[in-house]
Amino acid sequence: MMTFKAYLKKEFIEGIRQYKYIALATGIILFSILDPVMLKLLPSFISNKIPANIINQLFEFKPKDALANYIKDLFQIGTLFIIFTAAGSINEEIYSQKIVFPFSKGANKSQIVLAKYLHFEIAICLLLLVGLFFNQYYANLLFEGQKITVSDIVPVYFLLCIYYLFVISLTLLLSSFTKKNISAGILACTASYSTALFSQFEKLKKFSPYNLILLTSNFGSQDVKTTLVTTILLTLIFLVTTVFRFNSLEVN
Amino acid sequence: MLGNMDMEEMLKLLAPVIVLQFALMIFCLVKLKNDRVKHLPKWAWALIIIIFNFVGPIVYLLLGRERD
């Protein structure tokens, strides 16, 4: 237990020193402000090219449209920031030989992996909460129509957290198989984005973690059980595999 | 309503994003001056930080710095 606490603390300190939180905050919070503003300004930008009556019909956004747009951008671009921040977590420890000292002191390898995972999850869950509230504020301020309430945000937040639990476990697993963090990042991005491809097939859709993103952007909770169970199971499998892989790696 | 939006109102809306971008850019340029870099020379990193809004500074922080 001492290893876990000590390593978790070390991860938080390293997160600050390596500016990981700045990267995560940019990826998650930036679009929460930028999206509603750009959505609001979009008709002004193209007002010279399209007649006003068509603009009003085409761009009649409501607060929930702004939230849906934020969730979509979070998946498309925010995921990149998250993956590349976490991509070097395991391989850098091994190949930069930083891990030798804790190992020589008898540190528990499983707890080291869990500490890394938990550290990212705490940071992402907190930043997602801030991002969603910023987006709610801006969307309600800028657009007319039914306002976004806290009860709208709670299921969205819950599903997004579960999705990013999956993404981080996948990234850590791939990080344990690669020597460079760029390779781990590219592999994790490919795997994450291909979950969206699975969602194109109706029969596979509910088994794809990306379905959580679809459900959040539609504000629906229908048929969420299968997707939730599949995503949590995949997350656990990836975590256990990462621990096994970490245990089997030779540290010089 | 949108048609009446003038430049000042647009700037007010975009102010938080502009402030964030400038803060991040200046922070990274100051860091770049003192850091040891990898993959690219310092002038190339400076260009990336200045040209690519938000993404440039983050790419530098994550991939461009030589770790201690």
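The model is predicted: local features need pLDDT of at least 70, side-chain atom pairs count only at pLDDT 80 or more, and totals for chains, interfaces and linings use all residues. Residues are numbered from 1 along each chain as its sequence is written, chains are lettered from A and ligands numbered from 1 in the order in which they are written, and side-chain values use heavy atoms, with hydrogens and water left out.

**Helix pairs in chain A**

Two packed helices are described by the angle between their axes and the distance between the axes. Axes are lines fitted to C-alpha atoms, for helices over the stretch in contact, and angles run from 0 to 180 degrees between N-to-C directions. Helices are DSSP runs (H or I, at least four residues), numbered from the N terminus.

| Pair | Residues | Angle | Axis distance |
|---|---|---|---|
| H8(A) and H12(A) | 150–177 and 224–248 | roughly 25 degrees | within 9 Å |
| H2(A) and H7(A) | 20–45 and 109–142 | about 15 degrees | 9 Å |

The angle makes H8(A) roughly parallel to H12(A) (under 35 degrees). H8(A) passes H12(A) in a left-handed crossing (the near helix is turned anticlockwise from the far one by less than a right angle). Contact means heavy atoms within 4.5 Å. Among the H8(A) residues that meet H12(A) are Phe158(A), Ile162(A), Phe166(A) and Leu173(A). The H12(A) side includes Leu228(A), Phe238(A) and Arg245(A). By class, this contact has 15 nonpolar, six polar and one charged residues. Here Ala, Val, Leu, Ile, Met, Phe, Trp, Tyr, Cys and Pro count as nonpolar, Asp, Glu, Lys and Arg as charged, and the others, Gly among them, as polar.

H2(A) and H7(A) are also roughly parallel to each other. Their crossing is right-handed. Their contact has 19 nonpolar, four polar and two charged residues.

**Ser175(A)**

Ser175(A) lies in helix H8 of chain A. Ser175(A) is buried, at a relative accessible area of 0% (buried means under 20%, with a 1.4 Å probe and protein chains only). Its side chain reaches the backbone nitrogen of Ile90(A) at 3.2 Å. Leaving out residues up to four places away in sequence, Ser175(A) touches Ala87(A), Gly88(A), Ser89(A), Ile90(A), Asn91(A) and Ala184(A).

**Chain B**

Chain B has three helices and zero strands. Of its 68 residues, 40% are buried. In helix H3 (residues 55–64) of chain B, eight of the ten residues are buried, so H3(B) is largely enclosed by the rest of the structure. Those buried residues include Pro57(B), Ile58(B), Tyr60(B) and Leu61(B). Among chain B contacts between residues at least 6 apart in sequence, 53% join residues at least 24 apart.

Terms used: Helices (H or I, at least four residues) and strands (E, at least two) are DSSP runs, numbered from the N terminus. Angles under 35 degrees count as roughly parallel, over 145 as roughly antiparallel, 65 to 115 as roughly perpendicular and the rest as oblique. Buried means under 20% relative accessible area, exposed over 50%, partly exposed in between (1.4 Å probe, protein chains only). A polar contact is a pair of N or O atoms within 3.5 Å; within protein, one must be able to donate a hydrogen and the other to accept it, and residues adjacent in sequence count only if both atoms are side-chain atoms.
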